[in-house]
Amino acid sequence: MSNLKSLTFTELPNKSVDPTVRRREKLIEKLNEQLEHIRNPNFKVTFNRWETNNAGERVVVEKTKPIKPWWFTDSRGDVFLTVRVGHKKIEFEKCKTAIRVGTKNKLESVLNTVIAATQSGELDAMIPQPHFFKSIIKK
């Protein structure tokens, strides 16, 4: 019993993550995928999925899926970049959801700038919140 008296007992700290930080991390992850897609057009995201095999057992299977580029080229040859959270485009200014890049070789530096802005928290107000957070904040 004397060994236990030398220890300090406490409650576990709350492990919840700030939702703003989590949204920021997810956006940075997706932006890094876009960077990888610029470097390698055949890049595919890998993920694990539980599936039932022919024997009826549940096993983890590694799957891949291609990612869609967030940039496009208009008829004049200018490249535009949209940043997405889920299926929504981020609105940087009123009715402005795209970044004019110019040429495709500038795309990587623009994406690095957006990643830096996300890490510093400049896009936090622009990243849409999930619906369940909106209902909590209004109360």
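Glutamine 34 sits in helix H2, which spans residues 19-39; helices here are DSSP runs of H or I with at least four residues, strands are E runs of at least two, and both are numbered from the N terminus. The model is a predicted one, in which local features need pLDDT of at least 70 and side-chain atom pairs count only at pLDDT 80 or more, while totals for chains, interfaces and linings use all residues. Residues are numbered from 1 along each chain as its sequence is written, and side-chain values use heavy atoms, with hydrogens and water left out.

Buried means under 20% relative accessible area, exposed over 50%, and partly exposed in between (1.4 Å probe, protein chains only). Contact means heavy atoms within 4.5 Å.

| Residue | Relative accessible area | Contacts, leaving aside neighbours within four places in sequence |
|---|---|---|
| Glutamine 34 | 2% | Ile67, Lys68, Pro69, Trp70, Trp71 and Leu111 |
| Aspartate 78 | 16% | Phe72, Thr73, Arg100 and Gly102 |

Aspartate 78 lies in the loop between strand E3 (71-73) and strand E4 (79-82). Its side chain makes a polar contact of 2.4 Å with that of arginine 100; such a contact is a pair of N or O atoms within 3.5 Å, where, within protein, one must be able to donate a hydrogen and the other to accept it, and residues adjacent in sequence count only if both atoms are side-chain atoms.

Leaving aside neighbours within four places in sequence, the contacts of valine 83 include Leu27, Leu31, Trp70 and Val114.
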